[in-house]
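Welcome! Take a look at it first, and then read on.

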Amino acid sequence: MIIEGSVALVTGANRGLGRHLAEQLRDRGATVYAAARNPAAVTFAGVTPIALDVTDLESIARAAKITGDVTLLVNNAGSGTGASLLSGPLSDIRTEMETHYFGSLNVIRAFAPQLARGGESAILNVLSVLSWMSVPALGAYSAAKSAAWSMTNGLRQELAAQGTAVTALHVGLMDTDMTRDIDAPKSDPAEVARFALDGIAAGRSELLADSLSERVIAGLSGGVGALYPAFA
Ligand SMILES: NC(=O)c1ccc[n+]([C@@H]2O[C@H](COP(=O)([O-])OP(=O)(O)OC[C@H]3O[C@@H](n4cnc5c(N)ncnc54)[C@H](OP(=O)(O)O)[C@@H]3O)[C@@H](O)[C@H]2O)c1
């Protein structure tokens, strides 16, 4: 897809990867709706802040009504409760599903009609290496990203009929607020944003942002019996 001249909407655009995506889309010549739960938290210039909580159907419908002309939808908003599947609060486990799975799905369903209106259109879903592998300390998050990966693959096929391309971005660890308590090497979110936008421009279906993502998806071919000991 040609990004210059597109009309992009980025969810969770006020900080982290979403902010980099919104700023770089603007710099590449897109018109950008920077969507955030609190639009006042969008503090950078050259974009249109818009209120959007991906877990709130009315908020999604309002945003879709205000825009009407989006050609590139970026589902970036994400929660990181750190809930264990066994002992975490069920409310946190539901938050992960409501945000990553139902949130992204509901946003896509609401924006699909406007994506169908113009010529070229595309969706980027920000996923994770944890779409393919569950980490106990992030069990609820992993399950939600896994569900979002399946949803992404299903919608890629359904949306092909209206000419909307669907790209999945898989990331290992990125240096954002979400991972502030994790002491390990992390990617620069600005670099990940650049890589993602280059991938959309090239029309790619799946993007692996780092070597961890590449190694884990390659490891899947050996089955989970081999995968989990290899990454223990
Ligand atoms: N950081 C990593 O290592 C990593 C790795 C793989 C994938 N990812 C994914 O990358 C994406 C961006 O995460 P990040 O690392 O940039 O995290 P972040 O800095 O914590 O930012 C998360 C963003 O999502 C927004 N958000 C959360 N719940 C929302 C909701 N219900 N409605 C709308 N916005 C909501 C937050 O808004 P508020 O400011 O209002 O809270 C914030 O803008 C997420 O999908 C995450 O799962 C991150």
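A residue is called buried here if 20 or more other C-beta atoms lie within 10 Å of its own, exposed if 12 or fewer do, and partly exposed in between. With that in hand, the buried residues of helix 5 can be named: Pro189, Val192, Ala193, Ala196, Leu197 and Ile200. Seen down the helix axis, these buried residues fall within an arc of 130 degrees, so they line one face of helix 5. Please keep in mind that this is a predicted model.

**The chain as a whole**

- The protein chain holds 7 helices and 7 strands.
- Followed along the sequence, these elements come in the pattern β-α-β-β-α-β-α-β-α-β-α-β-α-α.
- The radius of gyration of the protein chain is 17 Å, close to the 17 Å that the globule rule gives for 232 residues, so the chain is as compact as a globular protein of that length.
- The C-alpha trace spans about 45 × 35 × 30 Å along its principal axes.
- Of the 232 residues in the protein chain, 43% are buried.
- Among contacts with a separation of 6 or more, 64% join residues 24 or more positions apart.

**Around the ligand**

- The ligand is surrounded by 30 residues, and the closest are Gly12, Gly16, Ala77, Gly78 and Thr176.
- By type, the shell around the ligand divides into 11 nonpolar, 15 polar and 4 charged residues.
- Two helices, helix 1 (16-27) and helix 3 (90-115), each supply at least two residues of this shell.
- Helix 1 gives the most to the shell, with 3 residues.

**More on helix 5**

- Helix 5 covers residues 189-201, which makes 13 residues.
- From its first C-alpha to its last, helix 5 reaches 18 Å, close to the 18 Å expected at 1.5 Å a residue.
- What covers the buried residues of helix 5 includes helix 1, strand 5 (121-126), strand 6 (164-170) and strand 7 (206-208).
- Just after helix 5 comes Gly203, which takes a positive phi of about 75 degrees.

- Ile93 is found in helix 3, one of the helices that supply at least two residues of the shell around the ligand.
- Ile93 has 19 other C-beta atoms within 10 Å; because a residue needs 20 or more to count as buried, Ile93 is partly exposed.
- Leaving out residues up to four places away in sequence, Ile93 touches Ala83, Leu85, Gly88 and Ala140.
- Ile93 and Ala144 are 51 residues apart along the chain, and their C-alpha atoms are separated by 8.6 Å.
- Ala63 has its place in helix 2 (residues 57-67).
- With 23 C-beta neighbours inside 10 Å, Ala63 counts as buried.
- Beyond its neighbours within four places in sequence, Ala63 is in contact with Ala35, Ile50, Ala51 and Leu52.
- Ala63 and Val107 are 44 residues apart in sequence, with 9.4 Å between their C-alpha atoms.
- Trp149 lies in helix 4 (residues 139-159).
- Trp149 is buried, since 21 other C-beta atoms lie within 10 Å.
- Not counting residues up to four places away in sequence, Trp149 touches Leu127, Ser131 and Ala168.
- Trp149 and Leu173 are 24 residues apart in sequence and 17 Å apart in space, C-alpha to C-alpha.

Methods: Residues are numbered from 1 along each chain as its sequence is written. This is a predicted model: local features need pLDDT of at least 70, side-chain atom pairs count only at pLDDT 80 or more; totals for chains, interfaces and linings use all residues. A residue is near a molecule or strand if its C-beta atom, placed from the backbone, lies within 6 Å of it. Helices (H or I, at least four residues) and strands (E, at least two) are DSSP runs, numbered from the N terminus. Ala, Val, Leu, Ile, Met, Phe, Trp, Tyr, Cys and Pro count as nonpolar, Asp, Glu, Lys and Arg as charged, and the others, Gly among them, as polar. The radius of gyration is taken over C-alpha atoms; the globule rule is 2.2 Å times the number of residues to the power 0.38. Two residues are in contact if their C-beta atoms, placed from the backbone, lie within 7 Å. The expected span of a helix is 1.5 Å times one less than its number of residues. The arc is that of the directions from the helix axis to the C-beta atoms.
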